[in-house]
Amino acid sequence: MSSVARAELESLLRARKLDVTLTSAAPWADRLRDVAPTGMAALDAALGGGLARGHLSEIVGPRSSGRTTVVCRMLAAAAERGEAVALIDACDRFDPASAEAAGVDLSKLLWVRDTGDASRALKAMNLVLQAGGFGVVAFDVADVHAMALRQFPYTTWMRMARVIEGGQTAAVIVAAERLARSPGGVTIALDLPPDVPRARWSGTSDRARFLRTIDVQTRVVGGR
């Protein structure tokens, strides 16, 4: 295939939002895969460069597994690249001061807060994705009761993935357990190591101890 014909084909597929469906071993096919680096070298290496743009991914894990830290690093990395970012906070658990200390540029962050109404938060998520123009959008439902999330039909997540397909937005769901991702997305699973003391404390007594670190194992499911 000539370079002119190849360029025309790429342009046509991109216009019809079909470029992300290509499967080929040809070198030029790899260049069509655009990613949003997370800012964490080890995670980006496992992801093949970062989160795939135009796809829905998820970050899952129990409390104190590092979900918020990973999300803040992703948002900070995107904002540092000059991208607008958004966080749909279903249970009002986001701490702007801590996020800013972690490097998030709050002037580039759209923060949508709710108090636990999963349906209302989902509507906000869809509106943000449809508006476009965001590099990374996170939907934090980690503290929403699992029963409330199961009430949504699976087509809910399929429609969400379709909204951003072929675009420049990398969307990510933050949840306690696996919920949904698009075929080109990934699951970033944060696991607490079994049978190993995960927390490290310092201090001389039980009443004067400080939490220093928590060990977390990260697995990428569905990455390249």
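Is Ala 101 buried or exposed? Ala 101 counts as exposed because its relative accessibility is 73%, where exposed means over 50% relative accessible area, buried under 20% and partly exposed in between (1.4 Å probe, protein chains only).

## Basis and confidence of the model

This is a predicted model, in which local features need pLDDT of at least 70 and side-chain atom pairs count only at pLDDT 80 or more, while totals for chains, interfaces and linings use all residues. Residues are numbered from 1 along each chain as its sequence is written, and side-chain values use heavy atoms, with hydrogens and water left out.

The pLDDT, which is the predictor's confidence in each residue on a scale from 0 to 100, has a mean of 83 over the chain, and 74% of the residues reach 70 or more.

## Overall fold

The secondary structure of the chain comes to eight helices and 11 strands; helices (H or I, at least four residues) and strands (E, at least two) are DSSP runs, numbered from the N terminus. Of the 224 residues in the chain, 40% are buried. Among contacts with a separation of 6 or more, 70% are between residues 24 or more positions apart.

Strand E4 (residues 84-89) pairs with strand E5 (residues 109-113) in the parallel sense over five bridges, pairing being assigned if DSSP finds at least two bridges between two strands. Within this pairing, Asp 89 has Arg 113 in E5 as its bridge partner. Together, E4, H5 and E5 make a right-handed β-α-β unit, a crossover being right-handed if, with the strands pointing away from the viewer, the path from the first strand over the helix to the second runs clockwise. The exposed Ala 101 belongs to helix H5 (residues 96-101), and its C-alpha atom is separated by 9.9 Å from that of Cys 72, 29 residues apart along the chain.

In the loop between E4 and H5 lies Asp 92, which has a positive phi of about 50° although it is not a glycine. Asp 92 is partly exposed, because its relative accessible area is 32%.

Arg 67 has its place in helix H4 (residues 67-80). This residue is buried yet has no salt bridge, the nearest side chain of opposite charge being that of Asp 143, 4.3 Å away; for charge, Lys and Arg count as positive and Asp and Glu as negative, whereas His and the chain ends are not counted. Not counting residues up to four places away in sequence, Arg 67 touches several residues, among them Ile 59, Arg 93, Asp 143, Val 174 and Leu 190.

Thr 68 also lies in helix H4 and counts as partly exposed, because its relative accessibility is 38%. The C-alpha atoms of Thr 68 and Val 174 are separated by 8.5 Å, although the two residues are 106 residues apart along the chain.

## Salt bridges

A salt bridge is a side-chain nitrogen of Lys or Arg within 4 Å of a carboxyl oxygen of Asp or Glu, and by this rule the count comes to 12 salt bridges. In one of them the side chains of Asp 143 and Arg 63 meet at 3.6 Å, N to O. Asp 143 lies in the loop between E6 and helix H7 (146-150) and Arg 63 in the loop between strand E3 (56-60) and H4, so the pair ties together parts that are 80 residues apart in sequence. Asp 143 is partly exposed, with a relative accessible area of 31%, whereas Arg 63 is exposed at 61%.

Asp 140 and Arg 93 form another salt bridge, with the closest N and O atoms 2.7 Å apart. This pair links distant parts of the chain, Asp 140 being in strand E6 and Arg 93 in the loop between E4 and H5, 47 residues apart. Asp 140 counts as buried at 8% relative accessibility, while Arg 93 is partly exposed at 29%. In the salt bridge of Arg 120 with Asp 114, the closest N and O atoms are 2.7 Å apart; Arg 120 is partly exposed, with a relative accessible area of 48%, and Asp 114 is buried, with 10%. Salt bridges also link Asp 34, Arg 53, Arg 81 and Glu 83 in a network.

Definitions and conventions: Contact = heavy atoms within 4.5 Å.
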